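Me: Can you walk me through this one? I'll paste it here.

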Amino acid sequence: PGRAPAGRAAAPPVSAQPRSVGGVIETLTALELAAAIRTGGVAPREVVESALERAARLGPTVGAFVTLTPDQARAQADRAERALAARAGPTDPLPPVLGVPAGVKDLSLVAGAPTRFGSAAVPALVPDEDDGAVARLREAGCAFIGKTTTPELGMPCYTEPDTGPPARTPWDLTRSAGGSSGGSASAVAAGIVPGALGSDGGGSIRIPASACGVVGLKPTRGRISWGPLGVDGAGLASLGVLTRDVRDTAAFLDILAGPCPGDQFLLPGPRTTFLDACDRPPSRLRVGVLTTPVIADVPVHTACVAAVEATARALEGLGHDVEVAGPPVPLERWDAFRVLWSVGAAVVPVPAEAEPGLVPLTRWLREQGRAWSGVAYAQAVMDRQQMAREVAAAWAAFDVVVCPTLAQPPAPVGSLRNDAD
């Protein structure tokens, strides 16, 4: 693949490159597409038809979608065209990503679209209402192409559900796209959509972003509200997007960020927009470099270390201060995550008759979650809060810490899911 512009992921490899429909639509970022639509360079319906064609042709190969929603996408494109036609002049304001196609992870509700939560055992739910984040994307003008593939209840770090083909990285179709936002990452990496909604509790945006070579941000808890339909729970999971461009991620964060009445976690708003911050030169940063895994005692692949070292040299060359950062807490401090993760699986409302049909990992996690006492869960919540304070203190000298996302390259498809173990 060719070298990408700064801040943008490279094009998909030749083996996965699709045909161009409507010129170079599939190579444009979300912001570039929105600008082209506003200026009349391309019509919303043309953009949507291009994305739908690519989703139908490439989607099954990379396991990107569990459900396509062409009727909804075309209706949204038609609304975008009406909004363009109704403008009094070219300077009239329009929604920021009007007519831009997007995918939505199949853990978030899209009104009128079946939601399976990655499970073949759970009856499909067709909601009458969007989740809050989905509603914000709809108001911003996105056209929803479909629901992206996720593993059952979003629990594992791979995306190999019983509801359809596994999500694969377009860079090497023998390897996993990661999980649990694997379908969103593969859809973006394959150029089907410029952005897709995901969620991350233990790596579910960051792992697929790494495996697929795209931009993945897990926002700080409290930045994007789960309301008004969802709840914060233990505070592990955050909503976010996967894109091919840093500015797209910032623009989507501007759309999605903000509180909802009843939120348990709240953050002050940014002093400017996240998109504006992309063009503000940073001051001299204190950069910590971490190549020792923080959650397990495992070796780190030489390619992963080399990528971090190359990044550190580039940052140092830009004038930033770079030094080694060690793990912020001992490995045993992560035990709280096991409790919160398994209890989170146990409290998902699954019909009793559907329980035997869940995949073995989900059943095991739910059994583990039910076995913890209320005191053990409360202690895990407090341990998570205490660990956040310890990490903040340990890394107080740094503005940013650079580290591998994963200790190894993307895992081969089928190597992690083992229903017998």
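This is a predicted model: local features need pLDDT of at least 70, side-chain atom pairs count only at pLDDT 80 or more; totals for chains, interfaces and linings use all residues.

Me: Which residue in S3 is the bridge partner of threonine 67?

Reply: Lysine 147.

Me: What packs on the sheet there, touching S1 and S3?

Reply: Helix H3, residues 70–85. Its direction makes about 155 degrees with that of S3.

Me: Zoom out. What is the strand order in the sheet?

Reply: S1-S3-S2-S4-S6-S5. That is an open sheet of 6 strands, with mixed pairing.

Me: Which are the edge strands?

Reply: S1 (65–68) and S5 (215–216). Each of them pairs on one side only.

Me: New topic. Where is serine 181?

Reply: In the loop between strand S3 (143–148) and helix H5 (182–189).

Me: Buried or exposed?

Reply: Serine 181 counts as buried because its relative accessible area is 0%, and the cut-off for buried is under 20%.

Me: Which side chain does serine 181 make a polar contact with?

Reply: Lysine 105, side chain to side chain, at 3.0 Å. Also, a polar atom of the serine 181 side chain lies 3.1 Å from the backbone oxygen of serine 199.

Me: Leaving aside neighbours within four places in sequence, what else is serine 181 in contact with?

Reply: Besides Lys105 and Ser199, the list has Gly198, Ser204, Ile205, Pro208 and Leu242.

Terms used: Residues are numbered from 1 along each chain as its sequence is written. Side-chain values use heavy atoms; hydrogens and water are left out. Helices (H or I, at least four residues) and strands (E, at least two) are DSSP runs, numbered from the N terminus. Buried means under 20% relative accessible area, exposed over 50%, partly exposed in between (1.4 Å probe, protein chains only). A polar contact is a pair of N or O atoms within 3.5 Å; within protein, one must be able to donate a hydrogen and the other to accept it, and residues adjacent in sequence count only if both atoms are side-chain atoms. Contact means heavy atoms within 4.5 Å. Two strands pair if DSSP finds at least two bridges between them. Axes are lines fitted to C-alpha atoms, for helices over the stretch in contact, and angles run from 0 to 180 degrees between N-to-C directions.
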